[in-house]
Amino acid sequence: MWTAIQYAMQGRSHIHDNTPCQDKTYAITTNDTTVVALADGAGSAVQSHLGADNATKTICSYLAGNFDLLYNTPDGRIVKQELLSVVLDSLKELAQKSSCALHDLASTLLVVAIHESRYIILHIGDGVIGYTDNDILRVASTPENGEFANQTFFTTSADSLNSMKLFKGEIGSKDSFILMSDGTESGFYNKREKRLASFLLDVIRSFRIGKTDIVECLFQQNFNSLFPKITGDDCSIVFLIKDTSYFSFNSLCFDDKVSFLKLSPKATPRQIKKYDMVLNSLQTPHSLRDLSRTIHLREKYTYRILVRLEELKYVYKASNKYYTILKP
Amino acid sequence: MNISNSFFGEDDLVSNPTTRVPVCLCLDTSYSMSAVTGGDYQFTGKTCMRDGRMWNLVDGDVTTRIGEMQKGIQSLYDYLRNDEVAYYSAEICIVTFNDTAECIKPFSNIELLNNMNNLSAQGMTAMGEGVNLALDLLEKRKKQYSEMGIDYFQPWLIIMTDGEPTGDTKELNRAIKRTNELVNKKKLTIFPIGIGDEADMSVLSRLSPRRTPLRLKGLRFCEFFEWLGKSISTTSQSMPGEAIHLDMEGLKGWSELL
């Protein structure tokens with residue numbers, strides 16, 4: 001089972017000139033197929049936010065309904081033409097309804113579709129698609145810019161077909177995918193070395209072991225506070241993560257807990273019990289004092305446990321109270 | 001509940017170099033640029049033949065075309081220093097042409113640029129050589145950016161002259177061919193500027209197939225360079241797919257369209 005977490009943030013330059021966020025994301029699961037998409041509307045295309053929205057929904061819907069047919073088509077050019085024409089037909093209809101030109105709806109497009117043990121990836125324009133495989137972060141598709149920084153390819157570009165990248169294959173041990181727009185690239189993708197920021201592995205792990213709504217909230221809050229400092233562009237990101245629902249700290253055996261908490265192999269059941277009590281209590285936020293009283297442990301010992309859990313990023317502190325992201 | 005801000009921090013983000021705007025100023029420093037335009041001076045009664053013309057020599061506290069151009073470039077530096085985006089993005093190179101062409105300031109960002117050099121006017125007007133050198137330097141800079149993994153915007157070439165070219169005709173024709181090719185392929189933005197009434201605007205038109213040359217009104221170098229600074233700043237902030245709209249209205253204050 002795959003879970004999609006998606007987020008788009010309006011850039012400060014668009015806040016300033018009252019332009020809507022031109023980054024759009026979408027996710028769908030039907031017929032055992034999960035599809036996620038991200039599109040970044042062209043800067044000066046007047047309705048590109050509508051184009052981006054339309055392109056993501058159209059492509060997700062089409063791939064969800066036609067995955068096997070597309071996957072089993074041996075000639076990739078035919079698949080590219082098919083996918084592009086589906087998107088363009090939908091955009092043309094929208095252009096007519098909105099009384100605008102097709103190029104006013106231009107956007108980039110990044111897509112990952114998964115059905116059973118297979119995937120299809122599509123990429124037009126800038127932005128990055130990455131994935132994890134055995135805890136290693138890799139790049140599946142790099143940004144396509146023209147020679148100059150403010151040039152890229154769009155769904156409506158004359159050469160969008162030639163510039164489109166299309167991949168397919170077996171999922172194997174891949175267990176997450178990440179899609180990001182060029183705004184997000186500025187902080188999460190090293191352009192010179194063509195690699196993703198390594199801490200994204202920690203983010204994915206947190207989504208896997210933590211309560212999705214809390215981890216999502218944490219991520220968004222940090223994202224909102226950091227990214228406006230490094231770019232004025234809209235920023236968006238989609239995580240597609242395998243098997244997020246199965247982890248539960250309480251269901252781990254003793255040895256797994258020792259390993260999970262990165263304790264010495266000599267750790268005792270008594271020590272683990274203290275961690276159990278802390279983590280179960282922190283399913284609701286507690287101050288240090290309240291937590292110590294609840295678990296009947298002196299504050300200084302409770303504090304040591306909390307510091308360790310904070311370092312492991314299983315526990316966070318806000319408004320003088322501690323809470324855990326871990327599922328019980 | 002307020003969620004903690006410690007999920008990830010600035011140290012976790014990658015540090016990508018700022019996207020650059022490479023700008024080359026290609027400046028006429030022939031003798032005619034020492035023409036006096038104001039100040040407190042007296043005629044000496046002497047004359048001389050320079051740069052294809054006869055000149056009356058003067059003495060005193062004078063303002064000259066080249067002096068005003070230098071002040072204008074200094075105002076560009078000052079503008080860029082105060083613009084938080086252009087400060088890191090703009091890279092300026094200065095090529096001068098008189099009897100020969102010379103790069104007097106290789107590409108530097110404003111952080112590293114000291115105040116403007118003193119320019120001196122002498123010799124003839126090897127414009128073709130100057131433009132070719134400027135284009136060579138822009139190409140070399142783009143290659144360096146690519147090798148270092150630094151993104152860049154379309155380069156800018158600003159040509160300023162007060163006369164007509166007197167250098168090698170083949171070099172001039174080569175320069176015209178190159179600028180035309182680059183502009184038509186949208187690989188270069190060019191601003192040809194004529195200074196004073198004797199500037200050869202027809203040559204400037206040949207160098208710039210898409211943008212009509214402008215004649216500087218009076219000595220409004222500072223206004224032009226301030227406009228240039230703002231335009232560089234606008235370009236530095238542009239996003240993919242965004243057409244860059246330069247404030248051409250702002251030009252009218254200091255120049256006229258032919």
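Start in chain B and select residues 36-50 and 53-64: these are strands β2 and β3, which pair in the antiparallel sense over 11 bridges. Strands here are DSSP runs of E, at least two residues long, and helices are runs of H or I, at least four, all numbered from the N terminus. Two strands count as paired if DSSP finds at least two bridges between them. Pick B:Gly39 and you'll find its bridge partner, B:Val62, in β3(B). Then slide along to the turn: the hairpin has two residues between the strands, and B:Asp51 takes a positive phi near 50° there.

A quick word on what you're looking at: the model is predicted, so local features need pLDDT of at least 70 and side-chain atom pairs count only at pLDDT 80 or more, while totals for chains, interfaces and linings use all residues. Residues are numbered from 1 along each chain as its sequence is written, chains are lettered from A and ligands numbered from 1 in the order in which they are written, and side-chain values use heavy atoms, with hydrogens and water left out.

Now hop over to chain A and color the open sheet of five strands ordered β2-β3-β4-β5-β8, with antiparallel pairing. Its edges are β2 (23-30) and β8 (165-170), each pairing on one side only. From one strand to the next, the twist averages 10°. Zoom in on β5 (residues 118-124): six bridges join it to β8(A), antiparallel again. One to click on is A:Arg118, whose bridge partner in β8(A) is A:Glu170.

Next, show helix α2 (residues 48-71) of chain A, which packs on this sheet and touches β2, β3 (33-40), β4 (109-115), β5 and β8; contact means heavy atoms within 4.5 Å. The direction of α2 makes about 150° with that of β3(A). Axes are lines fitted to C-alpha atoms, for helices over the stretch in contact, and angles run from 0 to 180 degrees between N-to-C directions.

Five bridges join β6 (residues 128-133) to β7(A); in β7(A), A:Ser141 is the bridge partner of A:Ile129.

Last stop: the A/B interface. Here 44 residues of chain A are in contact with 33 residues of chain B. The two chains bury about 3500 Å² between them, 60% of it on carbon and sulfur atoms; that is the accessible area (1.4 Å probe) lost on being put together, summed over both.

Which side chains meet in a salt bridge at 3.6 Å, N to O? Those of B:Glu10 and A:Lys229. The count between the chains is four salt bridges, each a side-chain nitrogen of Lys or Arg within 4 Å of a carboxyl oxygen of Asp or Glu. Finish on α7(A), which gives the most to the side of chain A that touches chain B, with 11 residues.
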